[in-house]
Amino acid sequence: MAAVSGFWPFRRRTKAPEAEPPSDPDPEQATNAANGRAVRILLGLAGGVVVAIGMHAIAGILAPTLLALILVICAQPVRVWLERHGTPSGVATGAVALTTFALLAGFVALLILALAQFVGMLPQYKAQFQALGQQFANWLSSIGISPQDLKTVTQGFDPTKLVNVFTGVLGGAFGLVTFGVIVLTMLILMPADAAYTPTLLRQLKPAKPNLVYAMAGFAHSVRRYMVVTTVLGIVQGVINGIALWILGVPAALLWAILSFLCSFIPNVGYFLALVPPLVFGYLVGGWGTVIAIIVIYGIVNAVVQSVVQPKVVGNAVALSQTLTFFSVLLWAVVLGAIGAILAIPLTLLFRAILVDSDPRARIWRAAIGDLRETKDLMKAESAEAKAERKSAKLARHTPAADRNAERKEE
């Protein structure tokens with residue numbers, strides 16, 4: 001602990017005595033320093049672009065590998081608990097692998113069931129989709145869209161093409177067969193290697209204490225975020241699914257699963273999960289059902305993601321809203337759909353490598369979202385400003401004679 005006690009840069013210090021103002025720096029040295037800093041920034045940005053392009057090129061194997069890594073990190077407490085109670089290391093490794101297998105198998109089975117239900121009921125709504133497309137085309141015609149474009153829009157409203165959309169997103173992101181093989185293989189190999197991780201970290205700590213500290217913090221933060229988000233996502237999906245089933249919206253189970261998956265996508269996930277139920281809700285119940293779905297989804301999302309999740313997760317993530325939204329867009333471009341779901345864990349991984357492992361770079365944690373010290377400073381400044389305003393207000397309302405008497409007494 002002594003090695004990490006001074007890691008965080010924002011410690012309260014006593015006010016230093018005022019020093020003599022520094023002399024003007026040499027203009028030539030200042031210019032050289034600025035140029036060197038600009039070159040380092042440009043090289044860093046260029047390196048980041050090259051890394052992103054390379055990751056995108058191997059997204060088919062990288063995305064499932066990273067998914068398996070996150071799953072193993074989340075399942076690691078199972079190993080710790082078993083070994084603490086005397087279970088052999090080999091048995092604990094098998095328990096971790098079986099835990100991840102069981103979770104994935106249950107989810108995949110549920111997803112296949114929901115997709116089968118969705119595909120079976122699509123032909124029933126073909127005429128309604130075409131009518132909806134015609135209504136939309138008439139509205140476009142009223143605002144001056146050309147007849148050729150209207151024909152394209154009308155032909156596009158075919159519910160059977162929605163299946164191609166789902167399969168295109170899944171297959172285009174990583175390839176279903178390749179994805180399954182890589183994930184299953186990694187979930188066999190990674191738990192075995194993870195058995196050596198605690199010893200490896202202790203072995204590395206004397207030489208690289210900052211890196212060990214950063215990796216330990218990353219694992220803890222990711223585990224807490226993923227477990228909490230999974231539990232709350234299940235709750236959110238169950239509530240939304242039951243509400244859709246009561247409202248009579250088709251494929252309520254599929255939209256509940258979509259709601260669960262989208263709970264891992266900050267900012268954007270709510271809207272992605274909302275649109276399909278709205279469309280089918282309008283087909284079966286009109287605007288009344290649409291409004292009901294918006295109200296239910298809005299309340300559930302506000303309570304779960306805006307009230308419960310921040311309190312439970314706490315400072316485990318510590319990313320600003322802007323950076324969170326940008327990370328979703330970035331990882332979706334680099335790795336596809338899996339990248340959007342794993343955006344927060346992957347951003348935390350890069351923060352651990354680039355920021356947390358370097359004592360000189362940790363000062364930037366506040367800029368990217370760790371606002372604990374900043375909030376305390378803002379509260380202190382707000383209280384000070386409030387006290388000053390109160391003093392000024394009292395001074396304005398104090399009679400002049402009283403102020404003169406106070407001056408004489410002084």
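In which helix is T324 found? T324 lies in helix α12, which spans residues 321-335. The legends below refer to a predicted model.

**Figure 1. Overall composition of the predicted model.** The secondary structure of the protein consists of 17 helices and 0 strands. The protein has 410 residues, of which 32% count as buried. Among the contacts with a separation of 6 or more, 75% join residues 24 or more positions apart.

Figure 2. T324 belongs to α12 (residues 321-335). Its relative accessible area is 6%, and because this is under 20%, T324 counts as buried. When residues up to four places away in sequence are not counted, T324 touches P266, L319 and I344.

**Figure 3. Helix α9 and the residue that follows it.** Helix α9 covers residues 209-247 and has 39 residues. From its first C-alpha to its last, α9 reaches 56 Å, close to the 57 Å expected at 1.5 Å a residue. G248 follows α9 and has a positive phi, near 80 degrees.

Figure 4. A214 has its place in α9. With a relative accessibility of 1%, A214 counts as buried. Neighbours within four places in sequence aside, A214 is in contact with A352, D356 and S357. The C-alpha atoms of A214 and I353 are separated by 7.1 Å, although these two residues are 139 residues apart along the chain.

**Figure 5. The loop residue A251.** A251 is found in the loop between α9 and α10. Its phi is positive, at about 55 degrees, although A251 is not a glycine. Most residues other than glycine have a negative phi. A251 is buried, with a relative accessible area of 4%.

**Figure 6. Burial of helix α10.** Helix α10 comprises residues 252-262. This helix is mostly covered, with 9 of its 11 residues buried. The buried residues are A252, L254, W255, A256, I257, L258, S259, F260 and C262.

**Figure 7. Packing of α9 against α10.** The axes of α9 and α10 come within 8 Å and cross at roughly 155 degrees. Because this angle is over 145 degrees, α9 is roughly antiparallel to α10. The crossing in which α9 passes α10 is right-handed. On the α9 side, the contact is made by T230, G233, I234, Q236, G237, N240, G241, L244 and W245. On the α10 side, A252, W255, A256, S259 and F260 take part. By class, the residues of this contact of α9 with α10 divide into 7 nonpolar, 7 polar and no charged.

**Figure 8. Packing of α3 against α10.** Helix α3 (residues 89-121) and helix α10 (residues 252-262) have axes that come within 8 Å and cross at roughly 135 degrees. This angle makes α3 oblique to α10. The crossing of α3 past α10 is left-handed. The residues of α3 in the contact are F107, L110, L111, L113, A114, L115, Q117 and F118. Their counterparts in α10 are L253, L254, W255, I257, F260 and L261. The contact of α3 with α10 has 13 nonpolar residues, 1 polar residue and no charged residues.

**Figure 9. The loop residue N267.** N267 is found in the loop between α10 and α11, the latter helix covering residues 269-313. Phi of N267 is near 70 degrees, a positive value in a residue other than glycine. N267 counts as partly exposed, with a relative accessibility of 35%.

Figure 10. I341 is found in α13, which spans residues 337-341. Residues up to four places away in sequence not being counted, I341 touches L261, F264 and I265. I341 and G269 are 72 residues apart in sequence, and their C-alpha atoms are 9.0 Å apart in space.

Methods: Residues are numbered from 1 along each chain as its sequence is written. This is a predicted model: local features need pLDDT of at least 70, side-chain atom pairs count only at pLDDT 80 or more; totals for chains, interfaces and linings use all residues. Side-chain values use heavy atoms; hydrogens and water are left out. Axes are lines fitted to C-alpha atoms, for helices over the stretch in contact, and angles run from 0 to 180 degrees between N-to-C directions. Helices (H or I, at least four residues) and strands (E, at least two) are DSSP runs, numbered from the N terminus. Angles under 35 degrees count as roughly parallel, over 145 as roughly antiparallel, 65 to 115 as roughly perpendicular and the rest as oblique. A crossing is left-handed if the near helix is turned anticlockwise from the far one by less than a right angle, and right-handed if clockwise. Contact means heavy atoms within 4.5 Å. Ala, Val, Leu, Ile, Met, Phe, Trp, Tyr, Cys and Pro count as nonpolar, Asp, Glu, Lys and Arg as charged, and the others, Gly among them, as polar. The expected span of a helix is 1.5 Å times one less than its number of residues. Buried means under 20% relative accessible area, exposed over 50%, partly exposed in between (1.4 Å probe, protein chains only).
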